[in-house]
Amino acid sequence: MSYFTIPRLAFSGNFQADVSTVNNDVRHYDNATFEPRFQNPQTKTEMNGWYNPDGTGNFRLFGLQIHEALSAYGADPAQDPATGLFVNAQAERSSCKIVDLDPQMQVVSTLFGLRIVLTDGTNDYLSGLYTASAFRDMANGRAYPPSALFMSVLTDLEWGALATDSPTLMALKTAADANENKLSINLTPYAYGANQEGPMVGSIGAYATGDPNTFVAARRLVNETGPSAKVAVGDMMADIANDTLSYDFSNAINLNSQLQVVPIGEIYGAILKQGDTVTGLGTTSASVTDGAEIGAKLSGSDIKLLDQIDYKRSGFLNVSAGIADCPLDANAQALIADHPVALVEKIGSDQYQIIIRETSGGLYARADNFVNRMDPPMKGLATEDVRFKVTQWGKPIADVTIVTSLLGTDMTNQYWGSGNDGPNAPKAKYHDINTPPKKVKISSGFTSGADGWASCPISVENPGNPRVYVDGQIYTATYGIAVGNASAKAQFDLIVIHAREAQDYANPPSWDDIKPFMQQYDNLYPIMSRHLFSLADETVFREHATLLTLAFSRPLDDPNHMPATRDLSTSKRQAVLNWLAQYTGQPAPVAEVPQSNAQVAVTSVDTSNLPKPHPATSKGLEMMLANLEDGDRGKTPVMRNYLSSEIERIKKGDQA
Amino acid sequence: MKIARQHMDQVIQATTVADILPVVQKVIELEHATIPPYLCGYFTIQQASTKTTEGKPTGNGLAADIIRSVVVEEMLHLTIACNLMNALGGNPSIDSPSFVPDYPGELPFGIGDHFLVHLRSCSVAQVRDVFMKIEEPEHPIDVPVLERLAAGIAIEEDLTIGTLYMALSKKLKELEAQAQAQGKTIFTGDGARQVVPLQWFDASEIWAIKDLKSAQAGIALIVDQGEGTTTDPFDTSDQPAHYYRFEQIVEGKMLEPRPDDDPPYAFSGEAVALDTSKIYDMDENPKIAHYKEGTYSRRMATQFCYNYTKLLRSLHDTFNGNPAGIDRSMGGMYELRFSALQALETKAEWADASKSDIKQTGLSFEYVTVNS
């Protein structure tokens, strides 16, 4: 069960990611070399503050409407009153924020403080809080610029009285009541253009207890490249509920520059009858062999053919959110339990070609809480368990080992858009990430239990400020399944850590203690400094002591949390609160520490004898790079850096 | 400001608390209804023009501070009125389309002979013709008038909003005395619904309303801050009452006490000269429908109204049993300011193709529950 299985609510509309772009260049964090022009929009020759320096950080949904409420396969959505409801954000709170982890980690942008409300404009039918979640699976390579998935769960569900009129909402309520009062949700934004606005589709479906919060642990169909003229569909997911197999094409289908689906032939859902061979699971010789590879041409007797995918119909994307359903008969249900799900193209009267298929051996492992904001104390450790869910053929599997590898300083420019400076580059130098490596410990290998969950303990020490003018340090680790020939992980599947810098300040601190980082915010967010008040002005800061105390003490997932970028270490936020407490007449609130109470010691198992994860190839990446659009909007510059450096890394034989 | 006779009758003739509650609801609506025109004045003054490079307030800065200070007091008055409603066991209604005036439109109670309030950029004319008119003090509060009214004796004087507030205060006293005589009280509301945000207002301005004394003190504060005393333009905290505060912008100088002169005050202080070149030229009495569908102008106008409606929802929740929601509402107020800025920075793109004026997208304060 997940956001794209039946029952589900599919919607489409628009979003605005009103990000400030002054902070897109890490060198703008250096107060000493900051120039006022960095607050101006870019020109033909100067990058300045990039394309939206006056951004608020607000992520807005608008014109979003449910076009297909589906309670059961074959039901008529027009008969369900949930069809036609508006999908609103917030309802009574400030706008949700979209936030990069760090200027040098721009591929895990996260939504904080989003509340989803389904309403007819007068009556609310359902509302729920969207658990903060980073986007995944940025897809590129087609004529239409990138899209990505914002998968999460809705909690704190409130059902309106009129929800009882909707069979789909009632089916979802029944599921939520039995499953931790949660629902599964996804938002697929497509690239934005003018005014940071772009189209979006999404859906809401059932959540199952034991599932991850930030992805669907079901059937992953692997393609190392995004969709493009030559590649029909990119990496995607399929999942089963109520005897129906559903495919989510929203982030995987090829689109032309007008966001129209590009025909890719006569496509069918399919189950491959020739199974994969999996041997030695739980041993150092674990290995898998595919029964049939992508591109293989098969006769009808080699596959269990499911329904044709009617992706060419108008509304496939805008009405159905790019989701296709294939009912499973008894034979299909039996076969799919341990055989690969695929999509095939009909190429002859009884001939089909595999255009994409499930992971080798049906094995799939992914980290749930993969983005970690960690606040070590001055001395000692901050710890966290990165939780992995491991499945085979969509079901939890035990005894699968996952190995990790901390990446090096050569990743410094992978996750941000450097290298497009124009004639007047900022004067500051940028500094490496992933160093010093000794400050972070990540378990090098760990094994799944019977429920499919595996824990990867991580810990960090106070990193100080190895990047000199920007707080803390970014560490990234890659991971993979230690099974010979297991499918390569998805692009950008990483463990990401922002180790924040601890500092000892006097209580109360002096203005000189906090001025440097408040000056940084003043520089980076001109919407505040130019249009409201200066955060770097002691008098102004004091005059707004109550307001700022409120903002700096909000939890991370409160839309009013300051700083909006959520990148300030707890000790620095506490210093701000202690300084302000001199003027509020109230004791300083305690700044929330965003970390778990994980107490698991980091142990490093010997992984030298384990099989290596399947190496990625550079071929698909090269194709994506070739198809990358020109310009610097949105994630394009980051993608350009990522692809070119990753290709170089793979060619060098670095298969970390 | 003059008010229509029927509203006064409603107070005078009330025999139960239930008769009074609709009047208190209208008071809440009145205190709110002044805020959109004032905010249009305040938000259109460009922040960059409020200070000199040395950090001294400019004429625009002083004007912005004046308007903002009145808005804050109107929000305080709204809070007091909601506390009164809750103390009397009623439910403030804020989150509804009928709560929001349709500008240009009359204020609740048919105030000022049904005079029309416009939403416009800040200007001397707008301050003089709209803001000062809203806050115009009338005759001194005349208790004998109330008694004559109650006795059904015809009166010649204009009835004012100040008189209505005092009539309300008097009626509460009467109803409470009746209740007390039976060993009861009219202040039956749940004390946990009182909103007393001491983080945002001084304890001399906001308190829980739980009995006649605290209720009457709240009403007196609204009248005092709005109209001042009957003898000079300063209220009992030595702040100019709203009318005179606004007049500073029209006179072009700050009001200051001059104890040795007669009268002992004059508009002789610091200059308050508006620099209109640094004030957004907002579409007058805007409506979302003025802007062409599909344009950014339309989007920003809608977004502003959506944020405004979110704020009403937040306040409704705050005043209906969730006092802590006031902090969230405060966040909403700052968001409204940024949202206003984004609209005002956007050139209006007209739905009416024949229109060619160059104006900035307006703040229409419409009730919009769907961000379309």
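Which residue is the bridge partner of A:Leu118 in S7(A)?

Modeller: The bridge partner of A:Leu118 in S7(A) is A:Leu126. Some ground rules come next. This is a predicted model, where local features need pLDDT of at least 70, side-chain atom pairs count only at pLDDT 80 or more, and totals for chains, interfaces and linings use all residues. Residues are numbered from 1 along each chain as its sequence is written, chains are lettered from A and ligands numbered from 1 in the order in which they are written, and side-chain values use heavy atoms, leaving out hydrogens and water.

Now the strand itself. Strands (E, at least two residues) are DSSP runs, numbered from the N terminus. S6(A) covers residues 114–119. Six of its six residues are buried, so S6(A) is largely enclosed by the rest of the structure. Buried means under 20% relative accessible area (1.4 Å probe, protein chains only). Both faces of S6(A) are covered. A:Leu114, A:Ile116 and A:Leu118 are buried on one side. A:Arg115, A:Val117 and A:Thr119 are buried on the other.

Next, the neighbours. Two strands pair if DSSP finds at least two bridges between them. S3(A), residues 86–89, pairs with S6(A) in the antiparallel sense over four bridges. There, A:Phe86 stands opposite A:Thr119 of S6(A). S7(A), residues 124–130, also pairs with S6(A) in the antiparallel sense, over six bridges. S6(A) and S7(A) form a hairpin, with four residues between them. In that turn, A:Gly121 has a positive phi of about 105°.

Terms used
Buried means under 20% relative accessible area, exposed over 50%, partly exposed in between (1.4 Å probe, protein chains only).
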